[in-house]
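Welcome, and thanks for taking a look at this protein with us. Please have the sequence and the 3D view open as you read the notes below.

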Amino acid sequence: MRIDFNKIQKITMPCMNNGTGTMTVRMYNDEKYRIVPTIIHSGGSIGTHTQNSGDDLNYILSGTGKAICDGVEEELKPGVIHICPKGSEHSIINTCNEDLVMLTIVVAK
């Protein structure tokens, strides 16, 4: 399977899950996967939510931030992956003055 994200429309989302600021995504969804190149812009966050659809994997490409998963805070930087298992509660916060860029993959269980 080949997915060309250059052909998928960019979507700007304000205050995702009652977070702050904006994020820009290109989203691919099917019955097994959600694959989302994600940019959380400076000052932005994805609000705390329960991960119901499957395990959520967030691989950091650039920028810095933090994830809070089930009350545990994790530092995010390039080369780090944050995994939020299905059923857990988490948020992701951009802590720098540049974009936090990550590849998000949700695997349905």
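How much space lies in the largest pocket? About 280 Å³ lies there. This is a predicted model, in which local features need pLDDT of at least 70 and side-chain atom pairs count only at pLDDT 80 or more, while totals for chains, interfaces and linings use all residues. Residues are numbered from 1 along each chain as its sequence is written, and side-chain values use heavy atoms, with hydrogens and water left out.

**The largest pocket**

- A pocket here is an open set of points on a 1 Å grid over the protein atoms alone, where a 1.4 Å probe fits and protein lies on both sides within 12 Å along at least five of seven lines. The volume is the space filled by probe spheres set on the points, which are joined across faces, edges and corners.
- The lining has 21 residues, and M16, R34, H49, D56 and T104 are the closest to the centre of the pocket; a lining residue has an atom within 4 Å of a point.
- Strand 2 (22-25), strand 4 (33-40), strand 5 (45-50), strand 6 (54-62), strand 10 (89-94) and strand 11 (100-108) each give two or more residues to the lining. Strands are DSSP runs (E, at least two residues), numbered from the N terminus.
- By type, the lining holds nine nonpolar, 10 polar and two charged residues. Ala, Val, Leu, Ile, Met, Phe, Trp, Tyr, Cys and Pro count as nonpolar, Asp, Glu, Lys and Arg as charged, and the others, Gly among them, as polar.
- H49 lies in strand 5 and counts as buried, at 17% relative accessibility. The cut-offs are under 20% relative accessible area for buried, over 50% for exposed and in between for partly exposed (1.4 Å probe, protein chains only).

- Four strands make an open sheet with antiparallel pairing, in the order 5-10-7-8. Two strands pair if DSSP finds at least two bridges between them.
- Strand 5 and strand 8 (72-76) are the edge strands, each pairing on one side only.
- Strand 5 and strand 10 are joined by four bridges, and T50 stands opposite E89 in strand 10.
- Strand 7 (residues 65-69) and strand 8 are joined by five bridges, and K66 faces E75 across this pair, standing opposite it in strand 8.

**Two loop residues with positive phi**

- Most residues other than glycine have a negative phi.
- D70, in the loop between strand 7 and strand 8, has a positive phi near 50 degrees. These two strands form a hairpin with two residues between them.
- D70 counts as partly exposed at 49% relative accessibility.
- N18 sits in the loop between strand 1 (11-14) and strand 2, with a positive phi near 65 degrees. N18 is exposed, with a relative accessible area of 76%.

**Cysteines**

- How many disulfides does a search of the whole structure find? The search finds zero, where a disulfide is a pair of cysteine sulfur atoms within 2.5 Å.
- For C15, the nearest cysteine sulfur is that of C96, 18 Å away.
- C15 is partly exposed, with a relative accessible area of 42%, whereas C96 counts as buried at 14%.
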